[in-house]
Amino acid sequence: MNGRLAAFGLVWALAGCSAPAALQSFGGPTMGSSYSVVYAGGAPREAVVAAVADELAAFDLAFSQWRADSEIARVNAHASKAPLPVGERFAAVLQLALRIAEATDGAFDPTVKPLRDLYRAARSDPRAPFDDAAIAAAVARIGHRRIAVRDGAVVKAREDVQVDLDGIVAGAACDAIAARL
């Protein structure tokens with residue numbers, strides 16, 4: 001009898017619950033890839049689409065390797081050891097990348113851009129230099145301990161240090177969108 005009563009109580013409790021909200025979805029191109037959002041809730045679709053678009057636009061402006069006006073382009077073009085003020089979003093993602101680099105003993109290294117650029121050039125043009133000397137020159141510019149974020153500014157230990165945050169930007173964008181929604 002107790003089993004039947006428990007089952008009845010569960011059915012009665014579930015009957016009082018409202019039906020789950022229908023799932024809604026949308027997506028599109030972003031940052032050289034694509035995204036898809038699936039959500040449930042009563043928020044107007046237009047508001048959710050606008051919030052996601054705002055976050056993606058902010059991430060693109062901060063981290064796009066293909067925009068000359070992006071914050072990462074400004075950081076990479078800054079050939080100086082002088083502190084370069086950056087926005088909170090950029091500083092937070094770079095700090096996260098540096099913590100990951102430290103935790104992985106450099107296996108993940110946000111300063112890998114010179115080597116990545118060398119590899120990309122060699123892939124697109126077989127005549128591009130990709131020999132021991134070119135590799136050694138690129139590797140000399142890499143090292144997560146050669147860059148830091150201090151008081152809202154990027155500080156480089158070498159003028160030619162450059163960053164590539166593509167390995168974590170998509171995840172950081174997801175986190176920011178989730179927090180906003």
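Which element supplies the largest share of the lining of the largest pocket? The structure is a predicted model, in which local features need pLDDT of at least 70 and side-chain atom pairs count only at pLDDT 80 or more, while totals for chains, interfaces and linings use all residues. Residues are numbered from 1 along each chain as its sequence is written, and side-chain values use heavy atoms, with hydrogens and water left out.

The largest share, 7 residues, comes from α7, where helices are DSSP runs of H or I with at least four residues and strands are runs of E with at least two, numbered from the N terminus. A pocket is an open set of points on a 1 Å grid over the protein atoms alone, where a 1.4 Å probe fits, with protein on both sides within 12 Å along at least five of seven lines, and its lining residues have an atom within 4 Å of a point. The largest pocket has a volume of about 440 Å³, a volume being the space filled by probe spheres set on the points, which are joined across faces, edges and corners. Of its 21 lining residues, T30, M31, S33, V169 and A170 are the closest to the centre. At least two lining residues each come from β2 (33-40), α2 (45-63) and α7 (166-180).

Elsewhere, 3 strands form an open sheet in the order β3-β5-β4, with antiparallel pairing; two strands pair if DSSP finds at least two bridges between them. The edge strands, β3 (84-85) and β4 (147-150), each pair on one side only. Between β4 and β5 (residues 153-156) there are 4 bridges, and V149 stands opposite V154 in β5.
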